[in-house]
Amino acid sequence: MINTGYDPLQHTSVYHGKEDSDDSDGEGGLGNVNRQIMRPPGHSGKAKRGHLCFDASFECGNLGRVDLINEFEYDLFIRPDTCSPRLRFWFNFTVDNVKLDQRVIFNIVNISKERNLFMEKMTPIVKSSSRPKWQRIPKKHVYYHKSTVHQGHYIFSFSFGFDKEEDIFQFALAPPYSYSKLQAFLPVLDKKASHLKESFSRELLANSVQSRRVDLITIGSLDPAPKSKAKRRIVFIMARIHPGETPASFVCQGLLELLISSNSIASILRDNVTFKVIPMLNPDGVFLGNYRSTVMGTDLNRSWHVANQWLHPTSKAVIDILTILDKSKDFQLDFVIDIHAHSSLTGCFVYGNTYGDVYRYERHILFPKLLATTADDYAAGNTMFNSDATKAGTARRYLCSLLSDKVNCYSFEISIYGYKLKGSDTIIPYTEESYMRCGRNLVRTFFEYYTNTGAIAFHITAEVSSKRTRSRTAQIRRRNQKHGRNRTPLTGRIQAQLHFTNLNINYDSETSLEDCTYSYRYTSPRKAFDKISEQYSLRKSAKSNIEQKHNFRSDSPIPTTYVVLPEPSLTVIDFNVMSRDDIDKVSKVNKIQKKSSQKFDFLQHIHQIIHTLSSSSLR
């Protein structure tokens, strides 16, 4: 059958019959470039400064070919995974022999996954020999677009200016984490965990196809509690099953460093839970610089259901140890977590499974809910629980069907780029430190899970001193006596003045509250005096008639009257805004208030007269 499909690489020099460069390791144009110097056409002899030298022949390196387009532009081709040419996304290469202030444009033209975080303005990272910290290239210099020159395929272009001639510049998709770096980190971890004694161990789980180590780290005692009938809890974590997902290794490192520390959360977890961690499950793919495959071209996270000891020795070893732990009478396997990095979504999130048993499903979604409350970068919208048939070969799908119902299997995903804060659309790029912080958040979430489920009896206690302490007043008094100080306080207490509004004053009078209901607050003193005199005369005549009719005794209780006095007022003058006219107005107001005060004194005098008349009439 004739294949009429169009090959997107047909326009490149790979198919033009050219031989490989003497400086390249070749393999039909699909191997990593090895100190390949890009000379302009017609140039011969020794390379000059500014003839860029590309290299990816190192651990984790990936750059398959370089085409010189013109003096300033280069087309770069990612080397496909070994034995799996469809997978092309991870790149990691160096450039040297640069010229000061040299400006170039790099086009990565054969990315296999078109929908990725480059659409979200993700940028590559760069460092140099004199500046070893990874930095992201500014967004204004990065373009991800369809190119008519490359048959309408998406290409990733970025411009860069070299500012130091002596430096070697390294470009990568994400911060690399090599197999050698892990092997250098584990002995350091072993020394830091020396205080844990029997609660920490490092052992060889299996060897890869190319005989590289797959280490298994155990943190926490494996001896079940002698006085407790409960089983020892087990958490199983594995990372880096896909070589190009380097953030997974940083997450795992942050998790390990917290678990062996003297942190109180880590100490409580070690006393109650045992963690088994595989930091790198695919060391061959990591060493070769693949994106998803092993050296045999196999995607381990799609072949768990067909794993065997010849083609997938690391996966087979994991299945064997999980089966033993699940069937053990002394241990209870609670979690199996596979750590990944996502190339098209932001933040960290969880992929889980769906179950027909509603109680198992409710128990299954508890851990992601707790993680959402612990991690600020958690993307709840990306969390998903499914039973997709196309994912049957993944770890979370296959292991949940293999193991007992009590085991929760998840894929923990973290973005290869960055995360969004809640309520904002701005993406904050991840760094090596923020990736490790995500690992620490996982540890805190485990603590929350086990305390909420009752597996860890966590009690908040307060230390109460048995010694009886003196009161604060007694201590001050004793100190003053000792130093001969005056015990009289420097400040005194005075009773605060109260301002009463509409206060009723009680007078001894013959009139009652019902009879004397007239208020002269807003009337003139003369009208008030006439009204009160009239009420008093009527009351006196009525009382005499009643006494004659009913023969009341003269010593009967005297009714009381309540008279409402006017409320005193206070004028406040603002001298900052006062003018000459204001002074005249204020003086007029003061005169009016002075007359009101005189009227008030006159009313008081009338009250005294009424009281005197009342007393004399009764006598």
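**Cysteines**

I started with C400, which is buried at a relative accessible area of 11% (buried is under 20%, exposed over 50%, partly exposed in between, with a 1.4 Å probe and protein chains only). This is a predicted model, so I kept its rules in mind: local features need pLDDT of at least 70, side-chain atom pairs count only at pLDDT 80 or more, and totals for chains, interfaces and linings use all residues. Residues are numbered from 1 along each chain as its sequence is written, and side-chain values use heavy atoms, with hydrogens and water left out.

Next I looked up disulfides (a pair of cysteine sulfur atoms within 2.5 Å), and the count came to 0. C400 is in none, and the nearest cysteine sulfur belongs to C409, 5.7 Å away. From the C409 side, the closest cysteine sulfur is that of C400, and 5.7 Å is too far for a bond. C409 is buried too, with a relative accessible area of 1%.

**Salt bridges**

I then searched the whole structure for salt bridges (a side-chain nitrogen of Lys or Arg within 4 Å of a carboxyl oxygen of Asp or Glu) and got 12.

I noted D284 with R212, which meet at 2.9 Å, N to O. This pair links distant parts of the chain: D284 is in helix 4 (residues 283-288), while R212 is in the loop between strand 12 (200-207) and strand 13 (213-219), 72 residues apart. Helices (H or I, at least four residues) and strands (E, at least two) are DSSP runs, numbered from the N terminus. D284 is buried at 3%, and R212 is buried at 13%. I also saw that salt bridges with shared partners join R131, D163 and D167 into one network.

R131 is in the loop between strand 7 (125-128) and strand 8 (135-136), D163 in the loop between strand 10 (153-162) and strand 11 (169-172), 32 residues apart. R131 counts as partly exposed at 28% relative accessibility, and D163 is partly exposed at 36%.

My last pair was R65 with D67, at 3.8 Å between the closest N and O atoms. Both R65 and D67 are buried.

**Confidence**

Finally I checked pLDDT (the predictor's confidence in each residue, from 0 to 100). The protein's mean is 81, and 68% of its residues reach 70 or more. Where pLDDT is low, the predicted coordinates should not be read in detail.
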